[in-house]
Amino acid sequence: MAGVGTGGTGTVSSVVSMGPISGFGSVIVAGVRYDDSHAVVTDEEGNVRGRDALKLGMVTTIRGSADFVAGSGVAESIRYGSELVGPVESVDLAGSRFTVLGASVSVKASTVFDERLSGLAALKPGDVVEVYGGYNAAAGAYTATRIEPRTQPGPYKLRGSVSDLDVVQRRFTLAGVLIHYAAVPASELVALAEGVLVQVSASRLPVGGVWQVEGVQPAQRAVLTRGESKLEGSISSLSAQTAFTVDGVHVDASAARIDGPLVVGLRVEVEGFVRNGVLVAREVESSDEDASDDEAFDLSGVMQDFDPLTQRFRLRGQWIDASGAVIFEDGSRAELANGRHVEVKGRFDSGSGAIVAARIEFEH
């Protein structure tokens, strides 16, 4: 079998991919299109969910088999989870950010808003939201990949890595928020150390910048033990010029082909194999998370709810806006109709909640 990521091709079993969902038709994560037709989908609490629970921008961990060169695979399991759940405290439209539980959340051009929210301007203090994404250590803020309104009751939560741990005072800092965990029984407390990823939760809100939490749980998205892996996220720490951490995963890029700088806060896509719990990278590509891409999202499926006047339709539940300048392949605008199978590439528009199509290919 030729090595994946080395210029050869071939499917490798036991792969793990981590990152936000950037497309459907199959589920696309970190540039790999996974067939999810037989995958077991679970939320972060382990509850089995339907495939329709998966949405653009949700951060997932996928296990299965894949050919990273061909960019395709088969998912056996898909687990998704968010970073924060809590009420909005303030909104900074000019700075494209808002605060939840004392933590800052940054909104980018690629941030997907649930269709019940028409962009950042729709958020008001007191609105309870769920935020998917990752923490940018350089910016001191979470970068949101998806934002949803939260209507179901449940504890507020915050996920991140422990810093400034004080076991005597039973406190630490999480994403700039001071966490007190004295109320957590020792028998229910995860082993704490600097840099450990945890999720804290409580039914009450922080007071005076201090949050008295009721739960502290481990929050590592995946334990890498063997096989191939591909992940997408921002560099949270650098221990050497080519050794860094992404969402709790330690990466050794000393023998990798590296495209772009390696700096804390930059977004990277890493591909490699696991050795002793470390992702030994073959390829690393970094990019500025502020950069925009007119074809950042890729969806394929059967057109539904097509409106000839507005040129809007749905693919797998997501609104598509084809009213602008679109490149058509193997067909024309006149052929847009319900029941047609198409692949759409475009960008997300937070104001309309739709993917603005840049390219539409008819699939026959």
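Q: Is R359 buried, partly exposed or exposed, and what is its relative accessible area?
A: In this predicted model, R359 is partly exposed, and its relative accessible area is 25%.

Q: Which residue forms a salt bridge with R359?
A: The partner is E295, and the closest N and O atoms of the two residues lie 3.2 Å apart. The pair links distant parts of the chain, 64 residues apart. E295 sits in the loop between β24 (278-287) and β25 (297-302), whereas R359 belongs to strand β31 (residues 354-362).

Q: And how accessible is E295?
A: E295 has 28% relative accessibility and counts as partly exposed.

Q: How many salt bridges are there in the whole structure?
A: A search of the whole structure gives 24. One of them joins the side chains of D36 and R51, at 3.3 Å from N to O.

Q: Where do D36 and R51 sit in the chain?
A: D36 is in the loop between β3 (32-35) and β4 (40-43). R51 is in the loop between β5 (48-49) and β6 (59-67). The two residues are 15 residues apart, and the pair links distant parts of the chain.

Q: Why does D36 count as buried?
A: D36 is buried because its relative accessible area is 1%, and the cut-off for buried is under 20%. R51, its salt-bridge partner, is partly exposed at 35%.

Q: What about R340, which residue does it bridge to?
A: R340 forms a salt bridge with E335, with 3.6 Å between the closest N and O atoms. R340 is partly exposed, with a relative accessible area of 22%. E335 is also partly exposed, at 30%.

Q: Which residues are linked in a network of salt bridges?
A: One such network links E83, R159, R221 and D247.

Q: Changing topic to strands: how many residues of β12 are buried?
A: Strand β12, residues 141-149, is mostly covered, with 9 of its 9 residues buried.

Q: Which strand pairs with β12 in the parallel sense?
A: That strand is β10 (residues 103-113), which pairs with β12 over 5 bridges. Within this topic, V107 stands opposite A144 in β12.

Q: And how do β11 and β12 run, parallel or antiparallel?
A: Strand β11 (residues 128-136) and β12 run antiparallel and are joined by 8 bridges. V129 has P149 in β12 as its bridge partner.

Q: What is found between the strands of that hairpin?
A: The hairpin of β11 and β12 has 4 residues between its strands, and G140 takes a positive phi near 65 degrees.

Notes. Residues numbered from 1 in each chain as written. Predicted model: local features only at pLDDT ≥ 70, side-chain atom pairs only at ≥ 80, totals over all residues. Heavy atoms only, no water. Salt bridge = Lys/Arg side-chain N within 4 Å of Asp/Glu carboxyl O. Buried < 20%, exposed > 50% of the residue type's maximum accessible area, 1.4 Å probe, protein only. Pairing = 2+ DSSP bridges.
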